[in-house]
Structure formats: structure tokens, C-alpha cells
Amino acid sequence: MATPHGKLYLIPVTLGDVEPLDVMPASIQRVVELVDHYIVENEKTARRSIKSLLPEKEQSILEFSLINKFTEPSEIPSFLQPCLEGKPMGLMSEAGVPGVADPGADVVAIAHQKGIQVIPLVGPSSILMAVMASGLNGQNFSFNGYLPIDNKDRKRRILELEQRSKQEQQAQLFIETPYRNNKMLEVLCNNLHPETMLCVACDITLPTEFILTQPISQWKHNKEDLHKRPAIFMIQQQDLRF
């Protein structure tokens, strides 16, 4: 009789230096206690996250497979071998929830192909929390990842997203490398329509959390220092409702 597959748990981590149980349920501790095999982007930070969740967990028994920009796609299926042998596994992102703006999505896709049960666990998602707090269209939104680095291409993409937001009444989300956040805010203020709404959600769940939605015309006179602070940007050109 074949050994039943182990389950793949999608284990969230904090979005910064906060107590894990301030932003995640205690049930995650029980999963971490159960799991010894992990797929992660960085072993050092993954070990730190596991230790913060469950300090008594024996670190020497943990095994890690790394998925990042250096990982060959052909390697990924072998990472799930413990599951095929009946052992539970954990997939962890560097911050927030696995599989969302995260290379772990490839692992999840292969798990489905192999008949491995995938179990997402509750935790902080900067994307969804930004939508929640923005006041923009939570019924219709799109996450666009990183915008182009080239100035001309980035400006063109920003204007495309603004036009799409107007045509479809769809909030458009994107991110930037944290050390370029202030430049992104400047580019948005210089190129978007004055009445286009912009939400900046930064340091979500941290003591320094800052979330503000206002028209571009107001952002020009009320800028926040976003340097090296993880942020979500959302824009929407919309009909005035109030």
C-alpha cells in the first residue's frame, strides 16, 4: 500500500520585527512544531523566523531547500520529496504569506500536480492589508509587481495603469525596491492626474505603520519619507462618490 503524501503547509512570517503572535494565530506554532522540512528563500532568515515562532524547536533537525533567483526550475520538483514520502513540509516566504509576489508559487503548482494537499495558514499579507485600508476598490483590483526601472518605460507604465484604473474602475497596486520609494512617489506626483487617488501603505503591522489615501494634488504638498521602508502603492482614477 502506498504511503499517503505529507501535506504542504504555507507558513506566513511577520512583515518586520514584531512578535509573531501579535499578527498570526497560535495555531501556526503547532504546525512549526510538526514540520522539520522546509522550502525557503534564505535559510538564515527562515531559521530566525522558526525560532521566533517556537524557540524550543530543535534547529539541528531542520532541513531546508532553497528557492530563489539562482534555483534551476528543474530542481524544484525534488524539493517535495519528503511530502511524497509521507512527511509534512513547510513553505515560507521572506516576509508575509508564501506564494503571493513570491517564488513559492512554483512549488505550490508542482504540489498540486503531484497530488500533495496544500494548506494555507493565516498571516499578514501586505497586499491585502493595503487594499483593506485604502478605501479604493476592494471589489476590483490588480497587483502589478515591480514597475520598469527605465524612466521612460516606468512613466509609460504608470500612465497605462492610471488609464486602466479609470476605464475599469480598478485599483492598481505595485511595489518598488524600498531605497527607491521616494523617487517613485515623486514620479507619481509629477505624472498622474491631480484627482487620481494614491494610497501609500508602508511598514504594515509595524510600530511605524503609515497608510494614507489622498489625491495626487494633496500628495504634492504632503509627502512622507518612505526611504528603505517596505511599501505598497495603489492608484485609482475614479468618479467622486462623496
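I began with the term for open space: on a 1 Å grid over the protein atoms alone, a pocket is an open set of points where a 1.4 Å probe fits, with protein on both sides within 12 Å along at least five of seven lines, and lining residues have an atom within 4 Å of a point. I noted that this is a predicted model, in which local features need pLDDT of at least 70 and side-chain atom pairs count only at pLDDT 80 or more, while totals for chains, interfaces and linings use all residues. Residues are numbered from 1 along each chain as its sequence is written, and side-chain values use heavy atoms, with hydrogens and water left out.

**Second largest pocket.** I found 14 lining residues here, and those nearest the centre are Thr 14, Gly 16, Arg 48, Ser 49 and Ser 52. I read its space as about 300 Å³, a volume being the space filled by probe spheres set on grid points that are joined across faces, edges and corners. Helix α3 (residues 43–53) gives the largest share of this lining, five residues; helices (H or I, at least four residues) and strands (E, at least two) are DSSP runs, numbered from the N terminus.

**Largest pocket.** I recorded a volume of about 720 Å³ for the largest pocket. It has 31 lining residues, and Ala 95, Ser 126, Tyr 146, Ile 175 and Pro 230 are the closest to its centre. At least two lining residues come from each of α7 (126–134), β6 (141–146), β8 (197–202) and β10 (231–236).

**Sheet.** I then traced an open sheet of five strands in the order β3-β2-β4-β1-β5, with parallel pairing, where two strands pair if DSSP finds at least two bridges between them. At its edges are β3 (63–66) and β5 (118–120), each of which pairs on one side only. Strand β1 (residues 8–11) pairs with β5 over three bridges in the parallel sense, and I noted Ile 119 of β5 as the bridge partner of Tyr 9.

**Aromatic pairs.** My search of the whole structure gave three aromatic pairs, meaning rings of Phe, Tyr and Trp (its six-membered ring) with centres within 6.5 Å, where planes under 30 degrees apart count as stacked, over 60 as edge-to-face and the rest as tilted. One of them is the stacked pair of Phe 174 and Phe 233, at 5.9 Å centre to centre and 15° between the planes. Phe 174 belongs to strand β7 (residues 171–175) and Phe 233 to strand β10, so the pair ties together parts that are 59 residues apart in sequence.
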